[in-house]
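Hi,

Here is the structure I said I would pass on to you.

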Amino acid sequence: MRKNEYPRPQFVRKNWENLNGKWAFQFDDENKGLKEKWYQKRREFNQTINVPFVYQSEKSGIGNAEPHEIVWYQRDFHIDKGEGKRYLLHFGAVDYLSDIYINGEHVCTHEGGHTSFHVDITNYVQEKNHLVVRVFDPLTDETIPRGKQFWEEESRGIWYTNTTGIWQTVWIEEVNDQFIEKIKMTPLYDEGKIRIQTKLNEKRDNVKLRFLIHYGKEEITSGEIDFKSHKLDFSVDLFDEKIFRHNFHGEGYSWTPETPNLFDVSFELVKKRQVVDQVSSYFGFRKIHQENGMIFLNNRPYYQKLVLDQGYWPEGLMTAPDDEAFITDIQLSKQMGFNGCRKHQKTEDPRFLFWADKLGFLVWGECASAPFYNEDAVNRLMTEWKEIIERDYNHPSIVTWVPLNESWGIPDVQRSRQQQHFSQTMYHFIHSLDTTRLVISNDGWAMTETDICAIHNYAHGNAEEKEKYSFFIETLRTKENILKYSSSAWSIYAEGFENKGEPILLTEFGGIGFDVSGQPGWGYTSAQNQEEFVAEYGRVMEALYTSEILYGYCYTQLTDVEQEINGLLTYDRKEKCDLTKIREINDRFHLPRI
């Protein structure tokens with residue numbers, strides 16, 4: 001990532017330093033423990049690495065996919081330590097278990113490969129400092145959330161090259177002794193208000209919060225509120241009795257993929273008339289809900305046309321080369337007529353979510369699943385989801401959370417009441433933290449309680465398989481048929497559960513393989529040239545359009561990834577066909593006949 005790409009765009013401060021770049025690096029295949037406290041001493045590591053790219057990637061400067069469970073990083077950094085200042089060290093994501101050392105002192109342990117964390121290093125730093133990071137990535141442990149990262153040595157099937165170590169930005173920010181720790185913004189859409197919750201790192205007397213909200217160049221409102229404790233919770237009227245701010249005529253202030261309106265917000269923490277902290281942020285004014293078998297965006301029926309996005313790049317694996325890579329993926333998706341994506345088995349970098357907010361792109365937020373079920377897997381997944389929601393809550397682009405996928409990590413959920421309880425727990429746990437989004441209990445099949453009936457079906461067959469294609473059409477035609485026939489391996493709902501009127505979407509299908517690079521690979525069906533590829537896409541989509549009940553879809557998938565050649569784009573984002581033809585097919589249909 002570039003040095004000026006602020007890693008946390010929803011919570012911006014001016015005084016920060018990006019620590020990405022060249023670090024000393026070393027594999028540790030023998031020292032499984034922290035023997036003799038060798039981390040306290042400066043060591044001559046035998047390699048360098050380009051952070052935040054993992055050693056398995058080309059962009060890291062190493063490009064070695066051999067398995068290594070323990071890796072070490074080190075680098076120096078300088079601080080002009082100020083009176084009454086504190087210093088927070090941030091890690092965007094480190095896969096999987098990380099230990100952080102400053103000047104020979106252990107300051108932090110974090111478990112979880114996909115979420116951000118930080119540590120206050122004020123008491124450990126001086127002018128010149130030495131930072132060491134130890135990462136343990138248990139490659140064969142099938143109870144950690146690993147998603148598409150394969151636990152065997154070579155990627156195959158639907159699994160890709162493993163990611164070990166730092167894979168998102170590392171950075172330091174300077175704050176005063178008292179600072180704003182958290183800001184949570186919730187659109188109260190039906191009331192025309194925004195709810196703002198703030199939390200300070202500690203309580204002190206005579207502290208005020210000053211805020212200013214802009215919509216473009218227009219100042220909407222401002223205010224100043226006293227802190228009576230270390231928290232504030234208040235609402236601000238955005239409509240001010242002006243009808244054109246409402247979406248009664250047009251979209252007004254509403255955020256949609258077609259009108260990605262954003263409000264800019266600045267916050268100042270004031271003590272004795274002195275500003276002691278400044279944070280800038282933004283929010284989008286939108287509402288997502290479901291009723292009567294349909295999904296509504298801002299109280300209007302909205303047909304979601306999503307594309308499955310694995311979030312991998314050939315040169316960086318799970319780490320995008322730069323912001324342009326995020327922008328390109330969103331723009332190409334919209335160019336093809338999609339209005340959003342399902343980020344599959346990955347919690348994406350906040351920079352992607354920033355561009356989705358800004359460019360207008362729906363996102364289904366997902367987390368890596370563990371392959372197997374036990375108590376450790378339960379605890380690990382719940383911990384990561386708490387951190388995901390806390391980090392990403394304010395992004396208007398995220399409209400759905402997907403905690404479980406295709407029974408990964410809950411292989412017996414169809415009949416096991418214990419695993420069904422976990423599926424229900426994740427559904428209710430996420431709703432207990434976030435009431436503003438939809439939640440899917442188990443995307444694909446064997447669902448329990450869920451806001452969307454999300455079905456996977458790749459059984460469209462090749463063009464010459466007329467009978468198979470006819471059956472595919474029939475399975476999608478009515479609600480009764482979808483719930484009875486759509487999955488040959490599993491029931492759509494787990495035993496004891498049934499559809500209670502929630503909307504039905506086809507959330508994985510297609511996957512047409514078309515190779516343009518000469519590399520071996522696979523798809524669920526195949527095409528031999530551009531004309532055949534477009535025709536196959538049209539044939540599959542036509543089956544969806546005949547459905548009487550589907551209320552949206554998510555096509556597999558945006559790009560090729562390693563051995564998968566079933567993307568609409570190549571792995572390096574080259575067009576496989578004239579994208580206007582894909583858009584023409586996607587634009588044929590908008591709302592189901594319900």
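Below is what turned up, taken topic by topic. Keep in mind that this is a predicted model.

Let's start with the aromatic rings. The count comes to 36 aromatic pairs. One of them joins Tyr 215 and Phe 263, with 5.0 Å from centre to centre and 45 degrees between the planes, which makes the pair tilted. Tyr 215 belongs to strand β15 (residues 207–215) and Phe 263 to strand β18, so this pair ties together parts that are 48 residues apart in sequence. Phe 263 counts as buried because its relative accessibility is 0%.

Another pair is Phe 326 with Phe 352: the ring centres are 5.7 Å apart and the planes sit at 70 degrees, so this one is edge-to-face. It links distant parts of the chain, with Phe 326 in helix α1 (residues 323–335) and Phe 352 in helix α2 (residues 350–359), 26 residues apart. Both Phe 326 and Phe 352 are buried.

There is also a cluster held together by ring pairs, made up of Tyr 303, Phe 509, Tyr 537, Tyr 551, Tyr 553 and Tyr 555. Two rings have a charge over the face: Lys 184 lies over Tyr 393, at 4.6 Å from the ring centre, and Arg 539 lies over Tyr 469, at 4.7 Å.

Now for the charges. A search of the whole structure gives 40 salt bridges. Glu 224 and Arg 210 form one of them, their closest N and O atoms being 3.1 Å apart. That pair connects strand β16 (residues 218–226), where Glu 224 is, with strand β15, where Arg 210 is, across 14 residues. Glu 224 is partly exposed, at 42% relative accessibility, and so is Arg 210, at 31%.

Strand β16 also holds Glu 218, whose partner Arg 245 is in the loop between β17 and β18, 27 residues apart. Elsewhere, Arg 8, Arg 13, Glu 173 and Asp 277 are linked in a network of salt bridges.

Together with Ile 243 and Phe 248, Phe 244 forms a nonpolar surface patch of about 370 Å² of accessible area.

Cheers

Conventions. Residues numbered from 1 in each chain as written. Predicted model: local features only at pLDDT ≥ 70, side-chain atom pairs only at ≥ 80, totals over all residues. Heavy atoms only, no water. Patch = residues over 30% accessible without salt bridge, like charges linked within 9 Å, V, L, I, M, F, W, Y side chains within 5 Å. Areas by Shrake-Rupley, 256 points an atom, 1.4 Å probe, with all protein chains shown as cover. Salt bridge = Lys/Arg side-chain N within 4 Å of Asp/Glu carboxyl O. Phe/Tyr/Trp six-rings, centres within 6.5 Å; stacked < 30°, edge-to-face > 60°. Helix = DSSP H or I, 4+ residues; strand = E, 2+ residues; numbered from the N terminus. Buried < 20%, exposed > 50% of the residue type's maximum accessible area, 1.4 Å probe, protein only. Lys NZ or Arg CZ within 6 Å of the ring centre and 35° of its normal.
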